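Here are some friendly notes to read beside the model. Please keep the structure open as you go through the points.

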Amino acid sequence: MTPASTLITNIGELSTQDYAQGPEASVLRDAAVVFEGERISWIGAAADAPAADETMDAGGRAGLPGWVDSHTHLVFAGDRSAEFEARMAGESYAAGGIAVTTAATRAASDYDLTRLLLARVAEAAAGGTTYLETKTGYGLNVQEEQRSARIASTVADQVTFLGAHLVPDGMDAEEYTDLVCTAMLTAVRPYVQWADVFCEQGAFTAEQSRRVLAACRKAGLGLRVHGNQLGYGAGVALAVEFGAASVDHVNYLSDDDVAALAGTWTGWGPGRSGTPGTVATCLPACDLSTRAPLADARRLLDAGVPVALASNCNPGTSYTSSMTFCVATAVLQMGLTVQEAVRAATFGGALALRVHTGEDRDGQRAVGSLAVGHRADLQLLNAPSAAHLAYRPGMPLTGSVWRAGVRVR
Ligand code: NIG
């Protein structure tokens, strides 16, 4: 049974990512946190901590918010390791791979799809992920997209409708786009909070993407865009035009794209006032797994664009939910400082999902940063500082993990 209150004390370095305090003030030394039920009720210097029903001594280890993984595709069946192996042997990534997963997903029972999804979410939690979005997109017809959305909604914190992932074999692209915007959207609507479109050469054109985004916005969904992954294109511009919460991948950005994204953040600051703009979500595990250029997160941050790091866990281009791997890569290969990378994998993801503050989405508590009133999502590392995430890449550094005040690891 979870005690009414829990004090976690002797945290050597606590990276709160409480952006309201400004980036520099968000790392505390010799700190403590108190949980009451699902929420954080106190946070500060260990020497000043109040008593609680239960106390845990962190032994000087580092603490940080649980990871917020804002981009995954976890509802699927089947295996594409042969495709991966072929790609590593020199074949280029083709969007056609999605069709292989669609066939396997359609053939799986509800029981099997749910079991596979639960196992993947448990794997992510074991790696410190405490809040997770996932997408549909391997059903690609009305009945199967609805089934994916329904199953996802029983497990994930937030669900995104990605009917516009690929035009299924044998269908005309315009006809399929119409279907996504009408019967498919109606069928999934009760189960999803967001809509996404794969706006890319070989997937959906700018005009088709615009139709999908307009229909989904009309249906009351928040918007995000898969954009600028395989080349320069209209994804970022569309995301900005529609006020999307995020544009994901962003491997190929023109100066105009970066300026347009930065422009969406004027008026929003550390105090979190104003309306947030479009987050740039970088997916380094996908970039490595497709041998694509890593997204230029440094350039985005320098231009004033908030960045999220997410796993993009999916069977084709990124079969890992390891956020520690993403953080290590962001530091070692993408020019981010340790705290910038941790912020992108926590607060950045929360911002992309609009759960960074208050009780904004479906009455959920804020996640992705540690502050009084926020959800008690905390991880302790088997290390004295967050720097070890990049300093000792690939090592098993995830220690204890709490989700909504409940110890899950
Ligand atoms: O984010 N870009 C589109 N979707 C996935 C790929 C999914 C797959 O290949 O199965 C991605 O990389």
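**Notes on the fold and the annotated sites**

1. Let me begin with a helix on the sheet: α11 (residues 323–333) lies across β6, β7 and β13 and runs at about 130° to β13. Angles here go from 0 to 180 degrees between N-to-C directions, with axes fitted as lines to C-alpha atoms, for helices over the stretch in contact. Helices (H or I, at least four residues) and strands (E, at least two) are DSSP runs, numbered from the N terminus.

2. A word on the source. This is a predicted model, in which local features need pLDDT of at least 70 and side-chain atom pairs count only at pLDDT 80 or more, while totals for chains, interfaces and linings use all residues. Residue numbers start from 1 along each chain as its sequence is written.

3. The sheet is open and has eight strands, in the order β6-β7-β8-β9-β10-β11-β12-β13, with parallel pairing. Its edge strands are β6 (67–69) and β13 (307–309), each of which pairs on one side only. On average, neighbouring strands are turned by 25° against each other, direction ignored. Two strands count as paired if DSSP finds at least two bridges between them.

4. On one side, β11 (residues 246–249) pairs with β12 (residues 279–282) in the parallel sense over three bridges; Ser246 stands opposite Val279, and Val247 has Ala280 as its bridge partner. β12 also pairs with β13, again in the parallel sense and over three bridges, with Ala308 as the partner of Thr281. Both faces of β12 are covered: Val279 and Thr281 on one side, and Ala280 and Cys282 on the other, are all buried. Buried means that 20 or more other C-beta atoms lie within 10 Å of a residue's own (exposed: 12 or fewer; partly exposed: in between), with C-beta atoms placed from the backbone.

5. Helix α4 (residues 142–153) has twelve residues and reaches 16 Å from first to last C-alpha, close to the expected 16 Å; that expectation is 1.5 Å times one less than the number of residues. α4 lies across β7 and β8, at about 165° to β8. Its buried residues, among them Arg147 and Ile151, pack against α3 (110–126), β7 (129–135), β8 (158–164) and α5 (173–188). Contact means that the C-beta atoms of two residues, placed from the backbone, lie within 7 Å.

6. Which residues does UniProt list as "binding site" in its unreviewed entry? One annotation covers His71, His73, His226 and Asn312. They span 242 residues in sequence, yet no two of their C-alpha atoms are more than 12.3 Å apart, so they gather at one spot. UniProt positions follow the numbering used here, feature names are shortened, and annotations may be inferred rather than shown by experiment.

7. From that group, His73 is in the loop between β6 and α1 (81–88) and is buried, with 28 other C-beta atoms within 10 Å. Asn312 lies in the loop between β13 and α11 and is buried because 30 other C-beta atoms are within 10 Å. Leaving aside neighbours within four places in sequence, the contacts of Asn312 include His71 and Thr317.

8. UniProt also lists Arg80, Tyr138, His165, Gln229 and Thr317 for "binding site" (unreviewed entry). Tyr138, in the loop between β7 and α4, counts as buried with 31 C-beta neighbours inside 10 Å. Not counting residues up to four places away in sequence, Tyr138 touches residues including Ile98 and Ser148.
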